[in-house]
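Hi everyone, thanks for coming.

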Amino acid sequence: MTSAQLPGDPPGGRRAVAVWGLGVAVYFVAITYRTSLGVAGIDAAERFHINASALSTFSILQVLVYAGMQIPVGLMVDRLGTRKVLMLGVVLFTLGQFGFALSHSYTMALLSRALLGCGDAMTFISVLRLGSRWFPARRGPMIAQVAALFGMAGNLVSTLVIARALHSAGWTTTFAGSAFGGVAVLVLVLLFLKDHPKGFEPAPACHMGADYVRRQIADAWREPGTRLGMWVHFTTQFPAMVFLLLWGMPFLVEAEGLSRATAGQLLTLVVLSNMAVGLVFGQVIARHHAARAPLALGTAGTTALLWGTVLLWPSAHAPMWLLIVLCVVLGACGPASMIGFDFARPANPPERIGTASGIVNMGGFTASMITLLAVGVLLDLTGENFRIAFASVFVLQALGVAQILRLRGRAHRLERERVVASRVEAVHVPA
């Protein structure tokens, strides 16, 4: 347990909740925009006159941009502060949503989604750093899980609001109208967001151009806790991300013979399970840090077991109860991926949290991008055999689990040494 407050911890309190909540509101809007395409796939195919392969490029490009931006964004957060990076992110994803609303060509729509993905990439790392600046370290796991929970609420807005608006108001009105949410949070960030509480300013860093960039990345990567966090995120996030972002609906409808309505309900179940499990994981980890690795490995193992059972079911279609259990378990993947940040946070000083978080966050989205591509290629090569295509999930999970087992011992040892040293320093009185 880590209940004692460490030296240099900010006090938290109502003002911390208000400022951090503003950052979470930005993340909520970003997730709403990120997932809005998921409910507009059919409309997009008709509007831009594209086939399924071209439609999937939207998701792959967005994930590619997001993953590629993680380390640069982490460096920007460490160097410029949360407020400036969040402002830039809001401007970019709002312009991307407006551009998507007004797009009449496939090329313009792709560029708009890339711009949206670039802005989206700046939000979550900024929110994590904002939490670490305003709340005591012991609150970190719960803060990260609650932020992710509100992000999933943004996914629900896409499912429940944007989907209906598309059919009633049309493409341009729906996407342009939703973009005004970005304008609203931009005004709030400009007026009220602060990087840190008064009296808790970070030590000034010496920024030496390319040398600073190389040093930040090298120092963050050198920490076993950063690498362990990246592999936890890599291993746990992508099964649910791939399912929700693109391939869940085709799998449930084409391979399992469900109606689109029933498949949509199962996808919503993944989101609701994510929100519920996130609260549980946050509470458990805040009280018992030793539970982090078992929760991550347990989630990966359970996910692999359920996927294997569904794909190897002897009859043509898996029973509904098994698909429901699968979706509930997939809902745990997002909260489990947040554990990666809980390994990186204590391994790095405050001035390097952004860079370390960027490295961690890159893990899951890299795995998602690889799997999105692998499933598509295998479906084409095997005549849309979903059982073979989804077997690619096990390959990446095995790689990730092997790396977690390799790194966790050293990362835990170094973390314990740092905690002990911090507490000794806190009680030491110079002669």
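I'll start with confidence, then go through the salt bridges, and finish with some backbone and surface details.

First, a reminder that this is a predicted model. The average pLDDT for the protein is 86, and 92% of the residues score at least 70. The stretch to treat with care is residues 424–431, where pLDDT falls below 50. Beyond near neighbours in sequence, that stretch makes 1 contact in the model.

Now to the salt bridges. How many does the structure hold? The count is 7, and I'd like to show you three of them.

Let's begin with Glu 223 and Arg 352, whose side chains meet in a salt bridge at 3.8 Å, N to O. Where do the two partners sit? Glu 223 is in the loop between helix H9 (210–222) and helix H10 (224–255), while Arg 352 is in the loop between helix H14 (333–347) and H15, so this pair ties together parts that are 129 residues apart in sequence. If you turn the model to look for them, note that both Glu 223 and Arg 352 are buried.

Next come Glu 415 and Arg 292, with their side chains in a salt bridge at 3.0 Å, N to O. Here the partners sit in helices: Glu 415 belongs to helix H17 (residues 392–427) and Arg 292 to helix H12, so the pair ties together parts that are 123 residues apart in sequence. Again, are these two buried or exposed? Both Glu 415 and Arg 292 are buried.

The third example is a local one. Arg 345 forms a salt bridge with Asp 342, and the closest N and O atoms are 2.8 Å apart. These residues are 3 apart in helix H14, which means that about one helical turn separates Arg 345 from Asp 342. Both Arg 345 and Asp 342 are buried.

While we have helix H12 (residues 292–311) in view, please find Gly 298, which is found in that helix. Gly 298 counts as partly exposed, because its relative accessibility is 32%.

On to the backbone. One is His 49, with a phi of about 55 degrees. His 49 sits in the loop between helix H2 (41–48) and helix H3 (52–80), and it counts as exposed because its relative accessibility is 70%. The other is Glu 384, with a phi of about 60 degrees. You'll find Glu 384 in the loop between helix H15 (353–381) and helix H16 (386–390). Why does Glu 384 count as exposed? Its relative accessible area is 52%, and the cut-off for exposed is over 50%.

Last stop, the surface. Which residues form a nonpolar patch there? They are Phe 180, Val 183, Val 187, Leu 188, Leu 190, Leu 191 and Phe 192, and together they have about 650 Å² of accessible area. Take Leu 188 from that set: this residue lies in helix H8 (residues 171–192). Leu 188 counts as partly exposed, because its relative accessibility is 36%.

Methods:
Residues numbered from 1 in each chain as written. Predicted model: local features only at pLDDT ≥ 70, side-chain atom pairs only at ≥ 80, totals over all residues. Heavy atoms only, no water. pLDDT = per-residue confidence, 0-100. Contact = heavy atoms within 4.5 Å. Helix = DSSP H or I, 4+ residues; strand = E, 2+ residues; numbered from the N terminus. Buried < 20%, exposed > 50% of the residue type's maximum accessible area, 1.4 Å probe, protein only. Patch = residues over 30% accessible without salt bridge, like charges linked within 9 Å, V, L, I, M, F, W, Y side chains within 5 Å. Areas by Shrake-Rupley, 256 points an atom, 1.4 Å probe, with all protein chains shown as cover. Salt bridge = Lys/Arg side-chain N within 4 Å of Asp/Glu carboxyl O.
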